[in-house]
Amino acid sequence: MNKKYRPVIGLEIHVELNTKSKMFCQCPADYFGAKPNTHTCPVCLGMPGGLPVPNKTAIESTILLGKALNCKINNEFKFERKHYFYPDLAKGYQISQEDEPIAEHGIVPILINGKRKEFKIKRVHLEEDTGKLTHSGEETLIDFNRGGVPLVEIVTEPDFDDGEEVKVFLEELQVIVRYLGIANADMEKGDMRLEPNISVQIVEKLPELPSYKVEVKNINSFRFVKKTIEYEVERQIEILENGEVPKQETRGFDSSTNTTVSQRSKENAEDYRYLPEPDIPSFEYTDEEYDVICSAMPELPFDRMERYVDEFGVRSTDAFFLTRDKALSDFFDVCLSYLNEKKVFDGDTAQILANHIINKKVPINTDPEVVVSEIIDNAKPVETDKGLLDEAVTRVIEANPNAVDDFTSGKNPNSIMFLVGQVMKEMKGRADAQMVKEALNKRLS
C-alpha cells in the first residue's frame, strides 16, 4: 500500500439475538427455514392499532453484551423511530435507538500477531430487524418472518488499520456472543451481518478524519470483509491520487469479482428523522438491577486465555485454540481439575492435558476420568522386550544402509533419529525410545 495514505476503518455489526419471540410482539423469532410470511402479526407488520411491547430478555441480553464489551451501561435509555422508506420495512420506520442507547464507550482487547491491542466501542444499541428481500429476475419477493426479530448493533470507533485486524476482531466478537449464549452468530444464516465503514486519509493530516466515508452493507463472511477493505482502500487511493475525493456512499460487495459496487448515496442521521417512540416509555434501571443481570456473566474468552497462560503455563497458541469454543474450554477446565487431583505431574500438568486434547482431538463428550486415565497411562514407562528389540534393530539396519552410512561416517549424526523412528515403527510403539537409541548406538559403534 502507498505509505502516503493510511486507512481509517470502523465497523457496524448487527447480531440477531436468539430469543424465543420477536422484539415487540409474540411471534416466534426462530424463522430460519419457515414458510415465508408465517411468523407475522399486526404488530411486526405495522398494522394500525398494533402496539409494541419490548422483549425483556432481549434488553437483558444487550445489557450483558455491553458489559462484556466493557461499556458504560446507561441507567436510562429509550427507543426511537428511525424513518426511511424501503420495501423490507412495512411500517415505514424501524424502532431503534439513537440518542440514548443501552451501552456506550467500551473497549475490547484482542491479540494481533501475539500482541495485545484494544479497540474502542462507540455504542451498543437494540432495534428490530427488517424483512428479507429476494430478487429474482425482474421480480422481488418479500418475507416478513425476519421483520421484528431482536437485533443488536455494535458500532466501533475507526480504530482499525487493515482488513486483517478487522477479521480478527470480528472473530473474537463472534466468540464473545456465543460465550454469553445470547446469539448463535451463524454467518450462513445471516445471524451476524457486517458493515465496514472505510475511508483513507493522508498520513500528514492524521488524526483529522477524512471528509467522506464509504459504507459496505450486509457482508456475511469474515473473509469477504477483509477482501472488501483491501479492495476499497486500493480504489480510494487511486481516486485520491487523481486529485479527487471519493463519494460518500453505500456500496455492496460482489464476491464473484471481489469488488464493490455503488448502491446509493449514504444517509446521515438527520435524514432518518429520529423521533421518540410514542408507544414505548423510557427505561430506567438501577445499579442493583444491572448487578443481577450481569451476575450471569461467564468468564470471557480473552480472560480465560490469559488465565491459561499466566496461571497454568499453557502455550499462548494452545490457550487461544482451547478458548475459541466455550464447551471445549469448559471440558478442558473439568479435565484439568481431575488431573490435578491425581498429582501425577509436577509443574506442566495443564500443558500435558492441552497437548493430549488438541493432538488427539478428544471429543468434548468424553468422560473426563477416561481422559485423565489415558494421560496417566501414556506417561508410564514402556516395558521393552529385549529379544524383539534386537530383532527389530537388525531388520532396520539391514533395510536402511544409506542412513546407517550417514550416521557411522559422521556425515549426518541426526540420521540416528530416523533409525529410532523406524525401530519404533517395527515395535509398534511397544518400546522405550531411549532404549531403542541406546541399542542402535551399541550396534553401530
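Start by selecting helix α8 (residues 349–359) and helix α9 (residues 368–379), whose axes come within 11 Å and cross at roughly 105 degrees. Axes here are lines fitted to C-alpha atoms, for helices over the stretch in contact, with angles running from 0 to 180 degrees between N-to-C directions. α8 and α9 are therefore roughly perpendicular to each other (angles of 65 to 115 degrees count as that, under 35 as roughly parallel, over 145 as roughly antiparallel, and the rest as oblique). Helices (H or I, at least four residues) and strands (E, at least two) are DSSP runs, numbered from the N terminus.

Before moving on, some housekeeping: this is a predicted model, so local features need pLDDT of at least 70 and side-chain atom pairs count only at pLDDT 80 or more, while totals for chains, interfaces and linings use all residues. Residues are numbered from 1 along each chain as its sequence is written, and side-chain values use heavy atoms, with hydrogens and water left out.

Now show side chains: Ile352, Leu353 and His356 of α8 meet Val371, Glu374, Ile375 and Asn378 of α9 (contact means heavy atoms within 4.5 Å). By class, that contact of α8 with α9 has 4 nonpolar, 2 polar and 1 charged. Ala, Val, Leu, Ile, Met, Phe, Trp, Tyr, Cys and Pro count as nonpolar, Asp, Glu, Lys and Arg as charged, and the others, Gly among them, as polar.

Next, pick α11 (401–408) and α12 (415–426), with axes that come within 8 Å and cross at roughly 140 degrees. That angle makes α11 oblique to α12. On the α11 side, click Ala403, Val404, Asp406 and Phe407; on the α12 side, Ser415, Ile416, Phe418 and Leu419. The tally for α11 with α12 is 6 nonpolar, 1 polar and 1 charged.

From α2, the residues in contact include Val166, Leu170 and Gln174, and from α3 they include Phe222 and Ile229. This contact of α2 with α3 has 5 nonpolar, 2 polar and 4 charged residues.

Of the 18 lining residues, the closest to the centre are Leu111, Gly114, Met305, Ser316 and Phe320. Which helix gives the most to this lining? That's α5, with 5 residues. By class, the lining has 8 nonpolar, 4 polar and 6 charged residues.

Two backbone stops to finish. Which bond joins Leu206 and Pro207? A cis peptide bond, with omega about 10 degrees. Look for Pro207 in the loop between β11 (192–202) and β12 (214–216). Then jump to Asn70, in the loop between α1 (56–68) and β2 (72–73). Asn70 has a positive phi of about 60 degrees although it is not a glycine. Most residues other than glycine have a negative phi, and most peptide bonds are trans.

Note on methods:
On a 1 Å grid over the protein atoms alone, a cavity is a set of points where a 1.4 Å probe fits but cannot get out, and a pocket is an open set with protein on both sides within 12 Å along at least five of seven lines; lining residues have an atom within 4 Å of a point.
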